[in-house]
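Thanks for making the time this morning. I would like to walk through one model with you, going from its packing to its sheet and then to its charged pairs.

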Amino acid sequence: MKKVLLLGGSRYLRPVIKAIHELGYYAITCDYLPDNYAHRYADEYHNVSILDKEAVLELARDLAVDGVMSFACDPGVTTAAYVAEKLGLPTHPYRSVQILQNKALFRDFLAENGFNVPKARGYTDIFEAVNDADIFSWPVIVKPTDSAGSKGVTKVEDKKDLRASIEYALSFSHSNEFIIEEFIEKKGDSSDTDCFSVNGELVFASFDNQKFDTNADNPYTPAAYTWPSEMSPENQAVLRSELQRLIRLLDLNTSIYNVETRESTNGKPYIMEFSPRGGGNRLAEILEYATGTELVKNAVRAAVGDEIPPMSDPVYNGFWAEIILHADKDGKFKKLSVDDETKPYVFETDLWVEPGDEVHAFTAANFAIGTLVLRFDDRETMNRIVNNIYDHIEVVV
C-alpha cells in the first residue's frame with residue numbers, strides 16, 4: 001500500500017484523502033494543529049510544522065512515504081518539493097518551486113524571460129520601500145511574498161498609505177518579505193483555476209471568471225467563479241502557450257497547478273500566479289463536475305509516480321458557478337437563504353457551519369463558511385444571477 005504524506009489539515013484535503021483511499025493508498029496528514037479538519041479522515045496524523053522542512057523530511061523518511069503533497073496549502077509547497085527531492089520521490093526541481101512560491105522571485109523570473117509582467121520589487125526593509133515609492137506608477141498592490149488566499153493584500157492609491165499597507169502585508173508573511181507591484185487594470189474578470197501537466201506537457205489548461213464581493217472587508221478575496229471563461233480566445237491561446245513555456249523553462253514535471261491570469265485593459269495577457277498545487281476553494285472538484293476530468297485523483301497519482309490516464313483541455317458540460325459563502329460581519333450564523341429563482345440551478349450546497357456558530361467578516365479566504373455550486377444551461381442566465389448573487393442569496397447572521 002502506497003503512503004501519501006499530506007501537508008496541512010484544512011477541509012480542502014478531504015477530497016484528496018477520499019481519492020487516496022479510492023486508489024487503495026494510505027493517507028498521512030501533518031501540521032501543528034491536531035484539531036484541524038482533515039486529520040479525522042486520515043489514516044494517521046503527526047504533529048509537525050509544515051514550515052519546518054527538516055522535521056518534515058525526517059518524518060517522511062521515518063514513515064517511508066511514497067509521495068508528498070501540499071494540496072490547497074500554499075505554505076507547504078516548498079517543503080513538499082524539498083522533502084520529495086531529498087528522498088528521490090516524484091516532484092519538480094526544488095529551486096523552480098522556490099521561484100514559483102516567492103512572488104518577488106517569480107516576478108523577476110518572468111521579467112528576465114520576456115513574459116508580460118507588471119513592474120515589481122521585493123523588500124524586507126520598510127524604509128527602503130517607502131523611499132522607492134516614486135519608481136512605481138500608481139496605484140500599486142502591496143502583498144506578502146509568501147502568502148495565499150489574498151491574505152495581507154491591499155491596493156494603495158496614495159503614497160501616504162504605503163507604510164500602513166506594508167505593515168499589514170508583513171503581518172501575514174512567514175519570511176518577513178513583501179512585494180510592491182504596479183496595478184494591472186483588468187479587462188473583464190481575472191482567472192483563477194487549476195491546470196495540469198504530464199511530463200512537462202500542459203495537457204489540461206482551464207480558464208475561468210473570478211469574481212469578488214466589492215462590499216467585503218477585503219475586496220481582493222475571491223468570492224465566486226464561473227466557467228467557461230469569457231476572456232478573449234486569442235489571449236487564452238497566448239496564455240496557454242506562455243504557461244507551457246513557463247513549465248519548460250522551469251523543468252516542471254507532472255502536477256496539478258493553481259494558475260491566476262488576467263487580460264489587461266492594455267490588451268496584454270498576464271500570468272499573475274502559478275503554484276504547483278491544487279487551488280483552494282474546491283476549484284479542482286468543481287472542474288471535475290464541469291468536465292469529468294479526475295484532477296484530484298490524477299494529482300495523487302502524480303505524487304506517487306503512477307501513470308496518469310489520458311487528459312485533454314476541458315470541455316464543459318454546461319455553465320458552472322461556485323459561490324464562496326461568507327458573512328458580511330462578525331456574529332453568529334443563523335441560516336443560508338436562497339431565493340426561488342436560484343434554487344433550480346443549485347447543484348450542491350456545502351455549508352461548513354451550524355446555526356449558532358461564530359462567523360467572521362470576509363477579510364481572507366479562511367473566513368469562508370461554505371460553497372454553493374450552481375449549474376446552468378446558458379451563460380446569459382448564469383451571468384444574470386451570479387453577477388447579482390447577493391440579490392439572490394443571503395448569509396443571515
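This is a predicted model: local features need pLDDT of at least 70, side-chain atom pairs count only at pLDDT 80 or more; totals for chains, interfaces and linings use all residues.

Let me start with Val-16, which, if we leave aside its neighbours within four places in sequence, is in contact (heavy atoms within 4.5 Å) with Leu-6, Met-69, Phe-71, Val-296 and Val-300. Residues are numbered from 1 along each chain as its sequence is written, and side-chain values use heavy atoms, with hydrogens and water left out.

Val-16 belongs to the largest nonpolar core, which has 44 residues, and together with Met-69, Phe-71 and Phe-196 it is among those with the most contacts inside that core. By nonpolar core I mean a set of buried Ala, Val, Leu, Ile, Met, Phe, Trp, Tyr and Cys residues joined through side-chain atoms within 4.5 Å, where buried is under 20% relative accessible area, exposed is over 50%, and partly exposed is in between, with a 1.4 Å probe and protein chains only. Elements that give two or more residues to this core include β1 (3–7), α1, β10 (201–204) and α9 (283–291), with helices (H or I, at least four residues) and strands (E, at least two) taken as DSSP runs numbered from the N terminus. The largest share, seven residues, comes from α10. Apart from this core lies another, of 23 residues, among them Leu-57, Cys-73, Ala-80 and Val-97.

Turning to the sheet, five strands form an open sheet in the order β11-β12-β15-β20-β18, with antiparallel pairing, and two strands count as paired if DSSP finds at least two bridges between them. Because β11 (209–212) and β18 (346–351) stand at the edges with a single partner strand each, one side of each is left without a neighbour in the sheet. The twist averages 15 degrees from one strand to the next; axes here are lines fitted to C-alpha atoms, for helices over the stretch in contact, and angles run from 0 to 180 degrees between N-to-C directions. Four bridges join β11 to β12, and Asn-209 has Thr-226 in β12 as its bridge partner. Across β11, β12, β15 (319–325) and β20 (370–376) lies α11, which runs at about 15 degrees to β15.

That brings me to the charged pairs: which parts of the chain does the pair of Arg-379 and Glu-230 tie together? These two side chains meet in a salt bridge at 3.7 Å, N to O, the criterion being a side-chain nitrogen of Lys or Arg within 4 Å of a carboxyl oxygen of Asp or Glu. Arg-379 lies in helix α11 (residues 379–386) and Glu-230 in the loop between β12 (222–227) and α8 (233–249), so the pair ties together parts that are 149 residues apart in sequence. Arg-379 is partly exposed at 22%, and Glu-230 is likewise partly exposed, at 44%.

A second pair, Lys-297 and Glu-22, has its closest N and O atoms 3.1 Å apart, and it links helix α10 (residues 295–304) with helix α1 (residues 14–22) across 275 residues. Lys-297 counts as buried at 18% relative accessibility, whereas Glu-22 is partly exposed at 46%. Over the whole structure, the search finds 23 salt bridges.
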